[in-house]
Every structure is written in C-alpha cells, then in structure tokens.
Amino acid sequence: MSRFIQLASFFLLTSLLAMTAAQAADPARPPSLKTIPVPEPSNLGDFITDKQQAIALGKALFWEMRVGSDGMTACASCHFNAGVDSRSNNQVNPGSPRVHADGSPDPDIAFDFGPNRQLAAGDFPFRQLSDVLDRSSAPVFDSNDIVTSQGVFAADFIATEAGKSKDKVAYKPDVDGFMFDNKNVRRAAQRNAPSVINSVFNFRNFFDGRAQNDFNGINNWGNRDPDAKVFKALTPAQVEAVQISLNNASLASQAVAPPLSDREMSASGRSLPDIGRKLLRMSPLALQKVHNTDSVLGNVSRYPQKGLKIRSYSDMVKAAFNPQWWNSPKMIRTAKDAPTIIVDRKDREDEDYSLMEYNFSLFFGLAIQLYESTLVADDSPYDRFMIGDASAVSEAAVRGVDVFRSQSRGRCINCHEGAELTGASVTRVAASPIRIRDEQALDRGFNNIGVRPSTDDVGIGGTDPFGNPLANIRRAATVPTCANGLPCPVVADGFMKVPGLRNVELTAPYFHNGGTLTLRDVLDFYSRGGDFAKLEQLDGSEIAPLNILMNDDQEKADLEAFLLSLTDERVRHQKAPFDHPQLFVTNGHKLESGEPGNAKDKFIEIKAVGRDGGLPLMGFMQ
C-alpha cells in the first residue's frame, strides 16, 4: 500500500507540475480597458483650437441626416444601436464583394434572401452544416449573402441646392439588383457594420483595413495617396496646397469614406466639398430633436423644438479649428483632368469652392474622430473585476476568461489580444505590426477564420486605388524568417480585421458577413475551427486553418458568461457618453405596384436621449 501511495503521489505531483507549467505558458488575463490611454494624433494642435467644440461639431455631424444625398441618411444610420445597426428589413447584400480566382470582380451574383426581405431567426446561420461540430460535413444550406446596412437609392449626383436637405440627383435603374417588383429599393453596403464604440483603439479601420492610421485630410488612403492635399491660408490673402498627415487618426480616415459611397450615403459622383457647400450654411440638426440634457450638445439644445441654438455649421467649424484652414476669401477651382487653381472671389464661378468648403473633409474627419474618441466602453463588469472588484463577475465568467486565454483549449486571446481584445489595436500593432502564425506571416490584427471562402471577399488581400496591396505585409521590403530558416509564406486573402469584444452581447449579427445570429452559434463556429475545412488564397496556396479545442458545453457556457461580462451597461441604457440626438432611419419599403421608380420608405424613429439614458436597447430582430 505504501508503494501505491508513493506512486500515486508521484503521478499526482507530476500532473500538478504539468498543469502549472501549462498555466504558466498561458497569457495573463486581459487587463481592464481603463488601463489603456485613448490614442490621439500627436499634431492635433496644428488643426484644432478647441477640442470640446470639435467634439460638439463631430457629434452633430455624426447624427446629421442631411449629410446623405437623400437628406435622411446619417453616419449614425448604420451605427445607432450599441454602435451598430439593429435593423433586419432590407438589410441584405447579395454577395457583391465576390471575385474570381484571378481577383477580378465576379458579376454572377444573386440574392438568396432577396431585396426588402424581413430576416428571421431561421435564416441563420448562413452556412448550416449537417454536423455542427464538423467543418468538413456537408452543408444543408449555404449562402454568400451579407447582412449589412441599407443606404441610398441608385442615383447620379448633379448638385447641391442652397437650403435644400436633399441633393439634386438623377435616379437610375439599379444595375446591381437592388430592385423589387420593378422598383428600386435602397442599396446595401458590402459588409456588416462594425461598432464605432471603442473603434478609436484600432490602428486601422474597416474590416479590410483601408482606413489608414494616418489621415491626409482628404480621404481614407493616408500617405498611399500621393496627390491628396488640403489648402492652407498662410495669410487670408495667400493660400497654398499642402500635404498633411495626422497619426493615430484612422477614425478620421474612416469617417470621410461612407459619405461618398453610392451604397451607403451618396449619389455617385459627389465630393466632400459638395457636402460642405450644402451643410456649412445650415443650422445644425435642424430636422432632429436634441435632448436638453445631452452630454455634449445639451447646453445649445432647442428642446423640445428641433435643432441647436447655433446659426450654422460654419460657426461650429470656426469655433473648433485653426483659422488657417478656413479663413480666406480665396476660392478653389477644381475640374476633372485639370489642375486645381486658386482664384479671387470676384472671379468665382458657380462650381468654385470656398476654403472652408474645400477643406470640409478635414473638418468632417477630425471632428467625428474626436467625437467617436469619447465613445469608450471601459466600465464593463470584467473591466471592474480586473482593477480589483472581485465581486463584479460570476465564477462562470472567471472560468470563461481562463478558457479564453488557455493555450491548450480556447486560444481566443491569440487574436483577441490585450486590454482592447484585438490584435488590430494601436498598442498591439505599434509593438509588432507583423504576426507569425503557424509558419505564415500576416498583418497583425487580421485573420482568415473560415467564415467564407477567400473569393467571396478578399478583405485585406485586395488593393488600393493606386495598385498597392492593402496588406502591409505584402508591401514590406523584407519578409520575416520562419523557424525553418526560410522566408515565411505571406498570407492575406480573405483576412479581416479582428474586432474587439466589448458589448458583443449587443452587436449581433456577427462576423464580417453578418451571417451568424447568436453567441452560442459563434462558439460552435470556433469549436469546429471555422466553416470550411480548407482555406485558400486566390493563388490556391493554403492558409493555416483554425485549431480550437472547445467542444465541452460547460466551457462554452463559461465562455459565454465571460463575453456577457464585457457589456458596459451605459451602452445598453444609452447613458453618457452614449446618449444621442433623435434620428429617423429607413427600414425597408412599402410594397406597392406601379410605375418604375423608387419604392416608398418605411421609417423607425430613434428618440433623443440625454446623459441619464433611456430604455434599454433592443437587439437585432427584437
């Protein structure tokens, strides 16, 4: 018996030592987001004279419906519910990012769910396998449709008209198939709308990373665009074109893209100076109520009347920005295939822009970045737990975070890194912009987890308008060396930005295609290592698949408890800084037969909420 006890003790000690070694190899629990400073451009003072005024301008512009060509589509129209879009009617794109193996667009796309469809729980997930835990099992249903956000009707831009909320446009039949019963319906964007909350921590934005960390004042391409220039008044009488660059400004880069997208907010052919020409003379938020206790705009609210006690957006720009970016009587003349020139006001033509109008992209991008920089959800139960409140989360959530970080089980932390819970953060990319995973080199913070084949959406494997790869690893002068001493194979096709996870309870549907409805379905997806047994780049080379061990129901329940502990209740209850003005959003169409044209809209009112919050948010399809 003594010998048995000795052997048993030896094996127990050996097991404990092995467990301890395995635990020691596991990364630490992710820190509280409260420990991370909010990134900000180092040269912001060259542009902004009053940061609070810039935040107020940014909040007004973000919620302003008249930014859209139709006079009713705001940036917030796709981000009004926990930073995302909770609409479920007419929210489907038929898979238009799809490409052929050579990278050329694939025009042979069709709806599986149809335009103006009211989605139902039974439609999800969009790839349904005969064995939910086997990615190699035969699919019983498969769709490359995308749950995204409805935008504008197909149209060509003609002009803005003084005092008019709507642009002058020429509507046209929708060649991309957004039609029902011979009528145009609102077009849909190409990917599921990610949350703007905590997006300030991202090094790049958009799922494909095209919103660059450096903002050039004009568009989302940063220093990739060699011709991007704003105008600067050295004196009111002397104006010159200059190139600018603001670091840690991917939110500004992101903000200036959707207002020009003919899927999201704009008729084709419109520019940011055109939007400036329309808005700068207008009283802010004149069509929308702003609560008198709004945390940013309450002191200038006209509640219960609509709008603000501010004469114009022009006045807000002057209060926030350095005069050298707006104060000049000179006019700027642009023409297609001709150089941009500066003219005196007396020589102006109808299409010339004032300095403030021309630089509107600079004001729009930076102001919205500064507003979105206040949308930091860092007060979840888990965040409080990690700064010492042991009672903030349940025992199940504690077990869940330990599965999340385990290198022998969940391994979730390998992509959802750091306090921000994403490798795409400024802190993680600054520390190491390239990641080596399974002997393959990739951009840190991007991954292909097998949601769809790479040809459905190439993601960061695409190119910019200047012919350069979106993936920085494909632009690198040298490639990292792998353990075998050879250059690591580079992978990028089908790779998407890894999202942060705070408030994930509130942000369904999930993944870049919006094809997964519940957190449990997400956990099942990871349990089977994605939805496709073989992942390939466009050239046919293989991408290392997910390798997750998480088939235990208790582990899934614990992981879900951890994910639920990441909800900041201020977001759920719309408390400051997540309060907001009134908004009207389109929600599908009334189906009426008749002559060709645009279908009639249906609307939902999002009521104005003040700093103390309001009713809890309703989730997707609730």
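**Exercise 1.** How many residues of H7 are buried, and is the helix enclosed or open?

*Solution.* The model is predicted: local features need pLDDT of at least 70, side-chain atom pairs count only at pLDDT 80 or more, and totals for chains, interfaces and linings use all residues. Residues are numbered from 1 along each chain as its sequence is written, and side-chain values use heavy atoms, leaving out hydrogens and water.

Step 1. Apply the burial cut-offs: buried is under 20% relative accessible area, exposed over 50%, partly exposed in between (1.4 Å probe, protein chains only).
Step 2. In H7, 13 of the 13 residues are buried, so the helix is largely enclosed by the rest of the structure.

**Exercise 2.** Describe the sheet that contains S8.

*Solution.* Step 1. Strands pair if DSSP finds at least two bridges between them.
Step 1. The order is S7-S8-S21, an open sheet of 3 strands with mixed pairing.
Step 2. S7 (179-180) and S21 (597-598) are the edge strands, each pairing on one side only.
Step 3. S8 (residues 183-184) and S21 run parallel, joined by 2 bridges; Lys-183 has Gly-597 as its bridge partner in S21.

**Exercise 3.** Characterise the surroundings of Val-609.

*Solution.* Step 1. Val-609 lies in the segment after strand S22 (600-606).
Step 1. Its relative accessible area is 7%, so Val-609 is buried.
Step 2. Leaving aside residues up to four places away in sequence, Val-609 touches (heavy atoms within 4.5 Å) His-291, Asp-294, Gln-574, Asp-579, His-580 and Gly-614.

Technical notes: Helices (H or I, at least four residues) and strands (E, at least two) are DSSP runs, numbered from the N terminus.
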